[in-house]
Structure formats: structure tokens, C-alpha cells
Amino acid sequence: MSTELAHAIRLAQEGNQQAFSLIYQEFIARVYALCLRLLGDRQRAEDAAQEVFTKIWLQLPGFRGDSTFATWLHSIATRTAIDIWRKDKVMRLVVSDEIVESVAAAQVAEARDLEQAIQKLPAQAKAVFVLFAIEGLGHQEIADMLDIAEGSSKAQYHRARQLLQGYLNDY
């Protein structure tokens, strides 16, 4: 973490809105991308990202630095998106221009195929796959977020991988 960002975090913890604006600018793209992957809808992802930063503003004075700031923020963003997903009971991933644009030109077709294949996964398998394979969370953490057993998370991930292999072989 840069010294400037660490300083901004300390100032924002004291209520400095300009410092919080720097934090927002540093992390909004990552938070939005996570929300978009989990929620599959641009408007819902934008709303979720704004909710994340509202929560961060409110919880920032309590941030003690037990983990990195990015990890702490990622945890809040993931929980917020999962809460929204639970309310809707439907999770859709979309082939997003924002996601595809971040992939090297030679990999665009593969990325589109993968995003389309992920779109076909059943909702719970999709959630577990995104959280484990893309976001890097552990199965116990995913199980806690989705209110399922750790073994169910592992089984859903295995199921998602098998389905994806079949889908990708069709392309």
C-alpha cells in the first residue's frame, strides 16, 4: 500500500471526506467489477458498489489494520454483493464489455466463451465458482457467506468445473 493511501485511510478514519474520495477513486473499479461478476447486472452492480462505499465510510473508524485495507474492503464488498444476491435469489453473470476489455486482445474470444459458459451454470454453482476461482476465497469463507456446508461449497465448485468443461467443449 502506498504511503499516500495509508495517509488517506488515517485521515478518512477521522472523517476527512477528501481523503475518503481518494480511497473511493483507488478502489471503485475493483469493487464495481466484483459486484458486476456476482450480480450480473450493471445497474445492480453500481447500486451495490455505492452501498459498499457507504458501509466502508460508516465502518472505517473501526478499521484496525488486522488485515490489509484491500482485504477488509474486499470482504465488505463480497458480503454486500452476496446479501443483494440472496435478496434476489437469482444470480446472473453477463458477458460484460468492462470485463472483456481488460483481457488481452488475443484472449477476447476465450474470455467471451468462458463468461458465456459461466452464465449457463446453476446459480449456486456459479456463486461458488466465481468466489473461489475468480475472487480467491476459501471454501469455508464461501460456505459462511452462502449459508451452506464447506463440503457443499467444494461439491458445487467441482460441479461447476465439470459443467464448464462440457460447455467449453461445445464452443
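This is a predicted model: local features need pLDDT of at least 70, side-chain atom pairs count only at pLDDT 80 or more; totals for chains, interfaces and linings use all residues.

Visitor: How do you know how far to trust the protein chain?
Guide: Look at pLDDT, the predictor's confidence on a scale from 0 to 100. The protein chain has a mean of 82, and 85% of its residues reach 70 or more. Helix H3 (residues 42–59) has the highest confidence, at 92, while helix H5 (residues 97–101) has the lowest, at a mean of 49. Over residues 90–97 pLDDT stays under 50, though the model still has 35 contacts there beyond four places in sequence.

Visitor: Why is Thr80 called buried?
Guide: The cut-off for buried is under 20% relative accessible area. Thr80 has 1%, so it is buried. This residue lies in helix H4 (residues 69–88). Leaving aside neighbours within four places in sequence, Thr80 is in contact with Ala48, Glu51, Val52 and Lys55.

Visitor: And Tyr167, why does that one count as buried?
Guide: Tyr167 comes in at 18%, and the limit is 20%, so the label holds. Tyr167 is found in helix H9, and its contacts beyond four places in sequence are Ala117, Lys120 and Leu121. Asp113 is 54 residues away from Tyr167 along the chain, yet their C-alpha atoms are separated by 8.8 Å.

Visitor: How do you know that the buried residues of H9 line one face of the helix?
Guide: The buried residues of H9 are Ser153, Gln156, Tyr157, Ala160, Leu164 and Tyr167. Seen down the axis of H9, they fall within an arc of 100 degrees, so they line one face.

Visitor: What makes the span of H9 close to the expected one?
Guide: Helix H9 (residues 150–170) has 21 residues, and at 1.5 Å a residue 30 Å is expected. From first C-alpha to last, H9 reaches 31 Å, which is close to that.

Visitor: On to the rings. Why is the pair of Phe20 and Phe53 called edge-to-face?
Guide: A pair of aromatic rings is described by the distance of the centres and the angle of the planes. For Phe20 and Phe53 the centres are 6.3 Å apart, and the cut-off for a pair is within 6.5 Å, so they pair. Phe20 lies in helix H2 (residues 17–39) and Phe53 in helix H3, so the pair ties together parts that are 33 residues apart in sequence. Both are buried: Phe20 has a relative accessible area of 12%, and Phe53 has 3%.

Visitor: Then why is the pair of Phe63 and Trp72 called tilted?
Guide: Their ring centres are 4.9 Å apart and their planes are at 45 degrees. Stacked needs under 30 degrees and edge-to-face over 60, so this pair is tilted. Phe63 is buried at 13%, and Trp72 is buried at 16%.

Visitor: Which residues do ring pairs link into a cluster?
Guide: Phe20, Tyr24, Phe53 and Trp57. The count of aromatic pairs comes to 9.

How values were computed. Residues are numbered from 1 along each chain as its sequence is written. Side-chain values use heavy atoms; hydrogens and water are left out. Helices (H or I, at least four residues) and strands (E, at least two) are DSSP runs, numbered from the N terminus. The expected span of a helix is 1.5 Å times one less than its number of residues. Buried means under 20% relative accessible area, exposed over 50%, partly exposed in between (1.4 Å probe, protein chains only). The arc is that of the directions from the helix axis to the C-beta atoms. Contact means heavy atoms within 4.5 Å. Rings of Phe, Tyr and Trp (its six-membered ring) pair if their centres lie within 6.5 Å; planes under 30 degrees apart count as stacked, over 60 as edge-to-face and the rest as tilted.
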